[in-house]
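This report describes one protein model, going from the whole chain to single residues. Please keep the sequence and the structure in view while reading.

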Amino acid sequence: MLCTRLTNARFLTMDPDHPVAHDLGIWRGRIVGLDEAVTSLPAHEVIDLQGATVLPGFIDAHVHLAWTGFKEKTPSIAGRTGIDEVLAVVEEAVTRKGSPGAWVSIAGYDQRALGRHLTAAELDTVSHGHKVFMLHDSGHGCVVNTAVLDLLPVGTPHDSGFLAEGAMGAARALRLPYSQDELAQAIGRAARTCLAEGVTACAEAGIGGTLFGHSPVELGAYQLASEKGLLPLRVQLMVSADRLRPVAAHEADGIPRALDLGLRTGFGGDRLSVGALKIYTDGGMMARTAALGSPYEGLDHSGQLQDDPDVLADTIVDGHLAGWQLAVHAIGDRAADVALDALERAQRLRPRPGARHRVEHAGLIRPDQLPRFARLGVSAVVQPNFLRYFGDDYAAIMGEERAPWLYRGRAFLDHGITLVGSSDRPVTDGSPLRAIQFMVERASESGRLIGPDEGITVDEALRAYTVAGAFACHWEDSLGSLTPGKLADLVVLGDDPRRIDMSRIGDIEVVTTYVDGRESGKSAS
């Protein structure tokens, strides 16, 4: 007897051997058959989906769950465009804090909305003895007040209180880590938000590191969230390369640096597992720290690498030698050169054709870099909603020649490069459907077309959030398509994205999701 049979729906399976179905059978959390194979079988529960469209659950291959959960509960200046407005929000948050000398966190900072960066001196006027930390929306910088600057190591670079990249990490290091329980609650909040948008599996993009780490025992917080029933979807954890340390392993292993006990990609189960090693090579376009081959339009600099190129390359090579899948953050084309050079060197030293290394973001990729991606078998994990919401700004700072190279779609696919969809939540909107719409029409919110030749088909965009996401996370045997034998993770939609006007795809209702064959919010039968 089946546990559940879902019927009267249009199942878009993403499986070329059986692309569309009307019935789907579930037994013990797995798909056991489609259509005639299950239609006549008895089932504990038969659910009429009333003509809905069903897809494999969306896979978001690059998110920040803990950060998302904390941001939801943090005072925010998002939408404020005046310095006085911002300072009023800060002062209100400081007043509520009460404890003298306490840290006060503020979210939603983006200098573009204000026309310039805030300064420490301005924050001082409303700090009242507290330590103020205002995180940039990109995650690649922050503004702090003088009380924080006075605690930083001598020589920490800043621009009137704005700290970028490693300097921001120095400020974060001054604070006590979050408790595992605080982290678990934040992770749970973010996971529920993901699920509501149709995401049933995701890759957490970096735990334990200087830039985004929240605790030296952060992995344990995810275990705690799972144990407490706060993790309603599947999560794969990328580990920051900061955690690598020299090890005295046997010389035959050829492992110069590793995580304790040799932990690496693949450890864990189908609900919580260790994924790629996360390596940062540059910053972000919002903060103007993505490393470009030539300067930003209107600025006299071209961003920055996170470290000396040789140091970054050695980390990439050591991670490869230690058996990790690598997720290399590279937004600018100069950073992509560093990543590709190092990955090529790593594969020469120890060929691992099945490593499935990834470049996270791949925000600005020159035409000459595309064949190198393909030759190395590197996936491009992109965030289409960056251009949906920030595309006008990004196109302006790249200029006419480079703007068409932003967050490519068609060029990756035409070169045989695996194109993977993701959000980088909470940097911007996490909705896969809105991202899919952008991938097809390439239009920002203002209607500006950005690299229209990079547009792809709806089927290709859906694949980026299902089949390709599963491949990038080594989940293809269990997720990504509605195929008998795979886990029953599904998203039920109010309309078929392949049958409506592309301008409406982002507004399709997410009716419900199923994980392990159970509807979200419901317990096992």
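## Overall fold

Among the contacts in the protein chain with a separation of 6 or more, 73% are between residues 24 or more positions apart, where contact means heavy atoms within 4.5 Å. The structure is a predicted model, in which local features need pLDDT of at least 70 and side-chain atom pairs count only at pLDDT 80 or more, whereas totals for chains, interfaces and linings use all residues. Residues are numbered from 1 along each chain as its sequence is written, and side-chain values use heavy atoms, with hydrogens and water left out.

The protein chain contains 17 helices and 24 strands; these are DSSP runs numbered from the N terminus, with helices (H or I) of at least four residues and strands (E) of at least two. Its radius of gyration is 23 Å, which agrees with the value near 24 Å that a compact globule of 525 residues would have; the radius is taken over C-alpha atoms, and the globule rule is 2.2 Å times the number of residues to the power 0.38. Along the principal axes, the C-alpha atoms of the protein chain fill a box of roughly 75 × 55 × 50 Å.

## Burial and surface

Of the 525 residues in the protein chain, 61% are buried, where buried means under 20% relative accessible area, exposed over 50%, and partly exposed in between (1.4 Å probe, protein chains only). The protein chain exposes about 20,200 Å², and carbon and sulfur atoms supply 50% of this area; accessible areas come from the Shrake-Rupley method with a 1.4 Å probe, and for residues only the protein chains shown count as cover.

An open sheet of six strands, with mixed pairing, has the order E3-E2-E7-E22-E23-E24. Strand E3 (20-21) and strand E24 (518-519) stand at its edges, each with a single partner strand, so one side of each is left without a neighbour in the sheet. Strands of a sheet pair through backbone hydrogen bonds, either parallel or antiparallel. Strand E22 (residues 490-493) and E23 run antiparallel and are joined by four bridges, two strands being paired if DSSP finds at least two bridges between them. Within this pair, Val 491 stands opposite Thr 513 in E23.

Thr 512 lies in strand E23 (residues 510-515) and counts as buried, because its relative accessibility is 11%. Leaving aside residues up to four places away in sequence, Thr 512 touches Leu 490, Val 491, Val 492, Glu 519 and Ser 520. The side chains of Thr 512 and Glu 519 are also joined by a polar contact of 3.0 Å; such a contact is a pair of N or O atoms within 3.5 Å, and within protein one must be able to donate a hydrogen and the other to accept it, while residues adjacent in sequence count only if both atoms are side-chain atoms.

## Strand E20 and its partners

All residues of strand E20 (residues 379-382) named here are buried, with Ser 379 and Val 381 pointing one way and Ala 380 and Val 382 the other way. Strand E19 (residues 358-361) pairs with E20 in the parallel sense over three bridges, and Ser 379 in E20 is the bridge partner of Arg 358. From E19 the chain crosses through helix H12 (residues 370-376) to E20 in a right-handed β-α-β crossover, a term that applies if, with the strands pointing away from the viewer, the path from the first strand over the helix to the second runs clockwise.

E20 also pairs in the parallel sense with strand E21 (residues 419-421), over three bridges, and Leu 419 in E21 is the bridge partner of Ala 380.

## From E21 to helix H15

The loop between E21 and H15 holds Asp 424, which has a positive phi of about 60 degrees although it is not a glycine. Asp 424 is buried, with a relative accessible area of 6%. Pro 426 is placed in the loop between E21 and H15, and a cis peptide bond with omega of about 10 degrees joins Arg 425 and Pro 426.

Ser 431 caps the N-terminal end of H15, with a side-chain oxygen 3.4 Å from the backbone nitrogen of Leu 433. Nine of the 10 residues of helix H15 (residues 432-441) are buried, so the helix is largely enclosed by the rest of the structure; among them are Leu 433, Ile 436, Phe 438 and Met 439. H15 is followed by Arg 442, which has a positive phi near 55 degrees.
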